[in-house]
Amino acid sequence: MNLCSSLERPTIIDQLTTQTFDLAIIGGGITGLGIALDAASRGMKVALVEKGDFASGTSSKSTKLIHGGLRYLKQFQIGVVREVGKERAVVHHLAPHLVVSEKMLLPLVKNGTYGEWATSLGLWFYDMVAGVDGPDKRKMLSKEETTKSEPLLRTDIVTGGGIYAEYRTDDARLSIEVLKTALQYGAIALNYAEVIDFEYDKGALTALHCKGLSENKDFEIKAHFIVNATGPWVDKLRKLDNSLKGKHLFLSKGVHIVVPYDRLPLRQSVYFDTPDGRMVFAIPRMRTTYIGTTDTPYQGPLENVPVDKKDVLYLLDAVNFLFPSVQLKLEDVESTWAGLRPLIHEGGKSPSEMSRKDEIFISESGLISIAGGKLTGYRKMAEKVVNLVAKIYERKFEIKFSSCKTADIPLSGGPFGSQKEVDAYTREIEHRLTEQYPGLEEATYLVCNYGKQAEMILEKMKEFNTEPFQALICAEVWFAIFFEMALYPADFFSRRSGRLFFNFPSIGSILEIVLADFAHYLDWDETTLSKERAALERLFLETTHFV
Ligand code: FAD
């Protein structure tokens with residue numbers, strides 16, 4: 001039985017409703033999925049439901065870095081930096097094809113955030129906690145070395161710089177691979193299934209009332225323990241449980257914009273000062289460079305968080321300030337996204353100053369809520385939550401689960417022993433593509449996105465008697481539906497392939513093929529097809545237009 005396939009939804013619902021789980025998780029972002037993998041790999045019976053697509057919340061809207069958060073050093077959040085700093089290397093080791101080492105340039109500017117001494121010390125500490133060694137260790141640069149390293153930088157205010165090691169990833173792909181690894185360990189998960197109510201017995205939480213949104217069907221999941229890992233929605237679920245008191249969430253919006261690489265052709269990623277004293281990233285990624293992020297208080301609806309024109313202008317101004325020769329304009333922006341940071345509220349502090357530390361709240365009914373944290377720390381957050389569940393479980397049922405194993409479980413798409421192995425595999429895929437489909441330069445994309453699963457996509461391509469790029473898309477759509485639970489074309493464009501953000505111009509030529517394949521595999525009638533076409537058009541508009 002392939003429980004990674006969207007065609008198996010009825011079987012998945014059947015499995016969710018006909019047993020009592022050790023742990024039921026609400027929320028299929030990186031936090032919930034990390035908990036599912038940790039718990040399932042320790043032998044717990046695990047269920048997970050997600051109201052949208054997996055990673056459709058904050059976990060596809062981040063800066064896509066596996067990083068320790070250098071700026072938290074400035075706020076003396078040493079604990080956060082130490083924990084996530086160490087974790088960078090662990091997550092890289094679990095999926096080196098997907099969590100890729102990246103050199104980051106930090107230019108020092110007159111009256112900027114960091115002085116030379118503080119930067120040198122900060123980067124040294126940053127390397128030390130993460131065990132960074134050898135050629136990857138931080139290097140301080142003179143003014144000449146800095147501007148040589150990045151010729152687009154303005155020379156009048158740059159005084160020097162530092163280069164240090166980080167990792168870049170694709171947050172949604174990371175979440176999907178964590179999901180698939182959890183499924184390999186027996187977890188059962190369903191997207192487009194919303195928790196609408198709780199069931200109690202003598203005040204203790206015993207079950208989730210869910211709605212399967214695509215089948216419009218209500219069902220119930222019974223579990224001994226329930227975790228609320230709903231990111232920005234955590235307080236909504238706490239309210240539903242009548243337990244929203246004491247600490248609560250503070251939501252901060254972060255916007256990113258994507259421009260063609262030719263318009264901001266940086267030689268490496270840059271973490272730089274903005275005129276208003278903040279810092280933002282500019283990160284080259286294949287045919288694009290993306291820039292972000294903003295950090296502003298947010299009180300609007302949690303779904304479809306809007307990108308405002310002023311957010312876009314802020315980021316364009318920041319780039320044009322430090323890289324004056326590029327003069328980016330609104331028309332250069334190909335794509336955008338906006339995400340919400342679920343921070344724990346701290347009175348009197350601005351969003352940028354609030355801690356990124358995670359916290360666990362347990363309600364009287366037994367609802368375990370986890371909030372805050374970072375993509376980078378997902379594995380440690382999961383360990384904390386599952387340790388807690390295992391401890392109470394042992395007390396209550398006298399059953400002991402093993403300790404956390406996830407530091408040694410390679411994610412689906414691997415295993416790869418090292419970056420060198422990834423490079424060799426990419427060359428192999430490149431060779432095969434050149435032989436079978438001359439001119440199709442998608443090897444790096446395929447390996448970064450799918451790791452060794454690129455093999456299945458290449459094999460499937462042979463079945464499509466169309467031009468190579470179309471065959472690739474058809475094979476990817478097949479893979480997304482049958483092995484990654486994609487239910488709608490938006491799932492494919494956004495969270496399976498990333499084309500919505502990083503290859504928007506390619507979408508026009510493949511839109512009808514993708515719609516036709518979804519209609520074919522999922523047996524859509526004409527009405528459903530037109531509805532889904534309209535939904536996609538709305539999504540494209542939201543991603544590319546701002547007011
Ligand atoms: P989410 O991903 O939001 O997942 C919660 C899920 O719960 C959602 O998918 C939602 O649909 C679901 N849900 C809600 N209600 C229900 C319900 N009733 N029933 C079922 N499901 C429900 N971290 C880093 O380490 N590196 C970075 O570079 C980085 N950059 C960031 C940049 C920005 C702009 C932002 C906003 C955050 C960034 N972060 C970064 C932080 C990181 O992205 C988040 O900490 C992380 O993604 C949160 O994941 P989550 O699973 O807790 O929440």
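Start by selecting strand β6, residues 158-168: nine of its 11 residues are buried, so the strand is largely enclosed by the rest of the structure. Buried here means under 20% relative accessible area, with a 1.4 Å probe and protein chains only. Strands are DSSP runs of E, at least two residues long, numbered from the N terminus; helices are runs of H or I, at least four residues.

Before you go further, a word on what you're looking at. This is a predicted model, where local features need pLDDT of at least 70, side-chain atom pairs count only at pLDDT 80 or more, and totals for chains, interfaces and linings use all residues. Residues are numbered from 1 along each chain as its sequence is written, and side-chain values use heavy atoms, leaving out hydrogens and water.

Two strands count as paired if DSSP finds at least two bridges between them.
- Strand β4 (residues 100-109) runs antiparallel to β6 over 10 bridges; look for M104, whose bridge partner in β6 is Y164.
- Strand β5 (residues 139-141) is also antiparallel to β6, with three bridges, and K139 is partnered with I163.

Now go back to M104 and look across to β12, where S269 stands opposite. β4 and β12 pair in the parallel sense over two bridges. Select all of β12, residues 269-273: five of the five residues are buried, so this strand too is largely enclosed by the rest of the structure.

Next, follow the chain into β13 (residues 279-285), which pairs antiparallel with β12 over four bridges. F272 has V280 as its bridge partner. The two strands form a hairpin with five residues between them, and G277 in the turn has a positive phi of about 85 degrees.

Last stop: the ligand. Show the residues with a heavy atom within 4 Å of it, and you get 38, the closest being T31, E50, S59, L65 and T376.

Which side chain has an N or O atom 2.6 Å from an oxygen atom of the ligand? That's E50. Zoom in on T63 as well: a polar backbone atom there is 3.0 Å from a ligand nitrogen. Taken alone, the ligand exposes 1000 Å², and the protein buries 97% of that.

Note on methods:
A polar contact is a pair of N or O atoms within 3.5 Å; within protein, one must be able to donate a hydrogen and the other to accept it, and residues adjacent in sequence count only if both atoms are side-chain atoms. Accessible areas come from the Shrake-Rupley method with a 1.4 Å probe; for residues, only the protein chains shown count as cover. Buried means under 20% relative accessible area, exposed over 50%, partly exposed in between (1.4 Å probe, protein chains only).
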